[in-house]
Amino acid sequence: MSLPVSDQFKYWGIAAAIFFVLLYALGDQLLPFFLGAAIAYFLDPVADWLESRGCSRALATAIITITAIIVFVILALLVIPALVQQAVQLFNVAPKLARDFGTFLSEQFPSLLDEGSTVRQSLNSIGQTISERGGQLLNSALTSAAGLINVVVLFVIVPVVAVYLLLDWDRMIARVDALLPLDHAPTIRRLASEIDATLAGFIRGMGTVCLILGSYYAIALMLVGLQFGLVVGFVAGLLTFIPYVGALVGGALAIGLAMFQFWGEWHWIAAVAGVFMVGQVIEGNVLTPKLVGESVGLHPVWLILALSVFGALFGFVGMLVAVPVAASLGVIVRFIIEQYKDSRLYQGTSAQTDTPPED
């Protein structure tokens with residue numbers, strides 16, 4: 001005899017409440033495990049592909065791990081130092097950029113920047129704040145991250161957790177499947193399959209899109225000669241995960257820097273703008289349709305709301321959890337709507353078929 005629906009809601013509600021309380025209380029401690037799980041989930045299709053080519057799960061995991069170590073060493077030796085150096089230089093040169101921008105405005109629009117005007121005071125304040133606080137903010141962020149997450153956690157625990165989860169991923173899924181309530185197992189499997197398709201389409205797809213676009217922007221801007229092209233490409237690629245934000249922020253930052261660096265050489269400014277235009281064409285017509293697909297079901301506004309709410313409540317861990325939770329809620333809401341449309345509450349008397357008259 002199955003439990004009444006009210007009791008089932010109560011038990012599952014208690015389980016959800018316990019999960020969010022633990023997430024709020026132990027977010028910092030759970031962070032390496034969430035990161036490791038995210039990495040394992042991202043790489044599971046690669047391991048499955050290697051298994052389909054004749055590798056054992058252990059060998060597939062070993063190949064992925066060795067490849068990841070090689071990529072990390074290359075990044076640590078070539079990319080990361082240059083990225084940090086450009087970021088520090090950008091903080092240092094920001095006051096000069098603000099002054100140059102003020103000079104440009106005063107020459108073109110003299111009435112706008114009269115002595116004591118709000119615009120002039122704002123520009124001076126921005127330049128001074130960046131000069132005084134920019135480096136301090138960067139150092140504080142690095143120090144806080146080191147204190148919060150710990151270097152050992154980042155570079156030891158996260159990879160170890162990811163490797164173990166990747167190795168046992170299929171077995172864990174099978175064990176979880178065996179624990180499903182028997183009355184609802186088919187429905188749960190269907191919903192889990194739809195959630196997995198949504199996450200696979202978005203996280204794996206958008207992660208790949210971010211990596212490709214970030215690399216393209218960074219390489220193209222450096223080839224054009226933009227002074228901080230690597231930083232701009234990194235920022236644009238990272239923010240591509242949030243719909244439309246990456247292109248807007250990266251494009252505005254790149255064109256703004258290009259106007260200071262190449263003022264008067266309009267062809268170079270046009271080249272920087274062209275880099276982002278080509279990037280958006282590639283993303284909209286090739287990368288997103290091929291890697292993400294059109295049936296993901298995560299509306300940009302819903303995604304931004306989830307990232308904002310979970311980030312505010314649970315910090316960085318909340319932002320990691322936001323996308324899976326948003327995808328799960330989207331699938332569940334669509335399922336509830338489907339059930340509602342099949343119910344008499346929605347169909348009313350139209351659901352009753354007319355019985356033929358008796359002879």
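This is a friendly dialogue about reading a predicted model of one protein chain.

Reader: I am new here. How many helices and strands does the protein chain have?

Author: Welcome! The protein chain has 11 helices and 0 strands. Read from the N terminus, its elements run α-α-α-α-α-α-α-α-α-α-α.

Reader: Since the model is predicted, where is confidence highest and where is it lowest?

Author: Let us begin with the average: the protein chain has a mean pLDDT of 75, and 70% of the residues score at least 70. Confidence is highest in helix α6, residues 185-224, at a mean of 84. Helix α4, residues 118-149, has the lowest confidence, at a mean of 54.

Reader: Which residues stay under 50 in pLDDT?

Author: Residues 144-149 do, and for that stretch the model has 6 contacts beyond four places in sequence.

Reader: Now the chain as a whole. What share of its residues counts as buried?

Author: Of the 359 residues in the protein chain, 29% count as buried. Taking contacts with a separation of 6 or more, 70% join residues 24 or more positions apart.

Reader: Which residues is Asp44 in contact with, leaving aside neighbours within four places in sequence?

Author: Asp44 is in contact with Arg57, Leu166, Trp169, Asp170 and Arg204, once those sequence neighbours are left aside.

Reader: And Thr61, is that residue buried or exposed?

Author: Thr61 has a relative accessible area of 3%, so Thr61 is buried. Thr61 is part of helix α3, residues 57-108. Not counting residues up to four places away in sequence, Thr61 touches Val163, Leu166 and Leu167.

Reader: What separates the C-alpha atoms of Thr61 and Asp48?

Author: Their C-alpha atoms are 9.8 Å apart, while along the chain the two residues are 13 residues apart.

Reader: What does Ile188 count as, given its relative accessibility?

Author: Ile188, which lies in helix α6, has 27% relative accessibility and so counts as partly exposed. Leaving aside neighbours within four places in sequence, Ile188 is in contact with Leu180 and Pro181.

Reader: How are two packed helices described?

Author: The description uses the angle between the two axes and the distance between them. For α6 and helix α7, residues 229-239, the angle is about 160 degrees and the axes are 7 Å apart. An angle over 145 degrees counts as roughly antiparallel, so α6 and α7 are roughly antiparallel to each other. Their crossing is right-handed.

Reader: Which residues make the contact of α6 and α7?

Author: On the α6 side they are Cys210, Gly214, Tyr217, Ala218, Leu221 and Met222; on the α7 side they are Gly229, Leu230, Val232, Gly233, Ala236, Gly237 and Leu238. By class, this contact has 9 nonpolar, 4 polar and no charged residues.

Reader: At what angle do α7 and α8 pack?

Author: α7 and helix α8, residues 245-261, pack at about 165 degrees, and their axes are 7 Å apart. α7 and α8 are therefore roughly antiparallel to each other, and the crossing is right-handed.

Reader: Which residues of α7 and α8 meet?

Author: Val232, Val235, Ala236 and Leu239 of α7 meet Val245, Gly246, Val249, Gly250, Leu253, Ala254 and Leu257 of α8. The classes in this contact are 9 nonpolar, 2 polar and no charged residues. Compare the lists and you will find Val232 and Ala236 of α7 both in the contact with α6 and in the contact with α8.

Key: Residues are numbered from 1 along each chain as its sequence is written. This is a predicted model: local features need pLDDT of at least 70, side-chain atom pairs count only at pLDDT 80 or more; totals for chains, interfaces and linings use all residues. Side-chain values use heavy atoms; hydrogens and water are left out. pLDDT is the predictor's confidence in each residue, from 0 to 100. Helices (H or I, at least four residues) and strands (E, at least two) are DSSP runs, numbered from the N terminus. Contact means heavy atoms within 4.5 Å. Axes are lines fitted to C-alpha atoms, for helices over the stretch in contact, and angles run from 0 to 180 degrees between N-to-C directions. Angles under 35 degrees count as roughly parallel, over 145 as roughly antiparallel, 65 to 115 as roughly perpendicular and the rest as oblique. A crossing is left-handed if the near helix is turned anticlockwise from the far one by less than a right angle, and right-handed if clockwise. Ala, Val, Leu, Ile, Met, Phe, Trp, Tyr, Cys and Pro count as nonpolar, Asp, Glu, Lys and Arg as charged, and the others, Gly among them, as polar. Buried means under 20% relative accessible area, exposed over 50%, partly exposed in between (1.4 Å probe, protein chains only).
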